[in-house]
Structure formats: C-alpha cells, structure tokens
Amino acid sequence: TAPIIMMSQNRQSARDRVQAEHDYEVNENALKLINVNNDLTAQIHKLTQEIHELTKDVHELMQAHKKS
C-alpha cells in the first residue's frame with residue numbers, strides 16, 4: 001500500500017503545483033490590469049482638470065464679451 005499512497009501524494013502534489021502556477025498567472029494578469037486601470041484613472045483625472053480649466057476660461061471670455 002505504501003507505493004499507492006506515494007503515487008496518490010505525487011498526483012496531488014502535481015495538481016497543487018499546476019493550481020499554484022495558474023494562481024500566479026491570474027495574479028500577474030490582475031496586477032497588470034490594476035496598473036493599466038491606475039494609469040487610465042490618472043489620465044482621466046488630468047483631462048478632467050484640463051476641461052475644468054478650459055470651461056472656466058470660456059466662461060470668463062463670455063463674461064468679458066458681454067461687458068464690452
């Protein structure tokens with residue numbers, strides 16, 4: 001029975017190794033997506049600030065035009 005137990009343990013070890021490799025790949029992909037998301041969020045924030053500034057400029061120009 002000892003060889004059968006060893007074979008079973010070896011199969012379980014192989015399954016565990018495959019699962020661990022899969023988990024690592026999933027985590028690596030998730031980390032890449034998180035980094036892309038962070039970069040896009042920063043870009044959106046910057047663009048939103050620029051839009052806000054441009055909107056302020058337009059309003060100021062409109063006010064100046066009304067006064068003249």
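This is a guided tour of one protein chain, stop by stop.

**Before you start.** The model is predicted: local features need pLDDT of at least 70, side-chain atom pairs count only at pLDDT 80 or more, and totals for chains, interfaces and linings use all residues. Residues are numbered from 1 along each chain as its sequence is written, and side-chain values use heavy atoms, with hydrogens and water left out.

**Stop 1: the whole chain.** Select everything. The protein chain has one helix and zero strands. Helices (H or I, at least four residues) and strands (E, at least two) are DSSP runs, numbered from the N terminus. Along the principal axes, the C-alpha atoms fill a box of roughly 100 × 10 × 5 Å. The radius of gyration of the chain is 29 Å, while a compact globule of 68 residues would have one near 11 Å. That radius is taken over C-alpha atoms, and the globule rule is 2.2 Å times the number of residues to the power 0.38.

**Stop 2: the surface.** Turn on a surface view. How much of the chain counts as buried? Of its 68 residues, 0% do. Buried means under 20% relative accessible area, exposed over 50%, and partly exposed in between (1.4 Å probe, protein chains only). The chain exposes about 6500 Å², and carbon and sulfur atoms supply 62% of that area. Accessible areas come from the Shrake-Rupley method with a 1.4 Å probe; for residues, only the protein chains shown count as cover.

Stop 3: Select aspartate 16, in helix H1. Aspartate 16 counts as partly exposed because its relative accessibility is 45%.

**Stop 4: histidine 22 and histidine 59.** Histidine 22 is also found in helix H1. At 42% relative accessibility, histidine 22 is partly exposed. Draw a C-alpha to C-alpha distance to histidine 59: the pair is 55 Å apart in space and 37 residues apart in sequence.

**Stop 5: a nonpolar patch.** Select Val36, Leu40 and Ile44. They make a nonpolar surface patch of about 270 Å². Patches are made of residues with over 30% relative accessible area and no salt bridge; like charges are joined within 9 Å, nonpolar side chains (Val, Leu, Ile, Met, Phe, Trp, Tyr) within 5 Å. Valine 36 lies in helix H1. Its relative accessibility is 45%, so valine 36 counts as partly exposed.

**Stop 6: the salt bridge.** Which residue forms a salt bridge with glutamate 53? Select lysine 56: the closest N and O atoms of the pair are 3.9 Å apart. A salt bridge is a side-chain nitrogen of Lys or Arg within 4 Å of a carboxyl oxygen of Asp or Glu. A search of the whole structure finds one. Both partners lie in helix H1 (residues 2-67), three residues apart, about one turn of the helix. Glutamate 53 is partly exposed at 41% relative accessibility, and lysine 56 is partly exposed at 37%.
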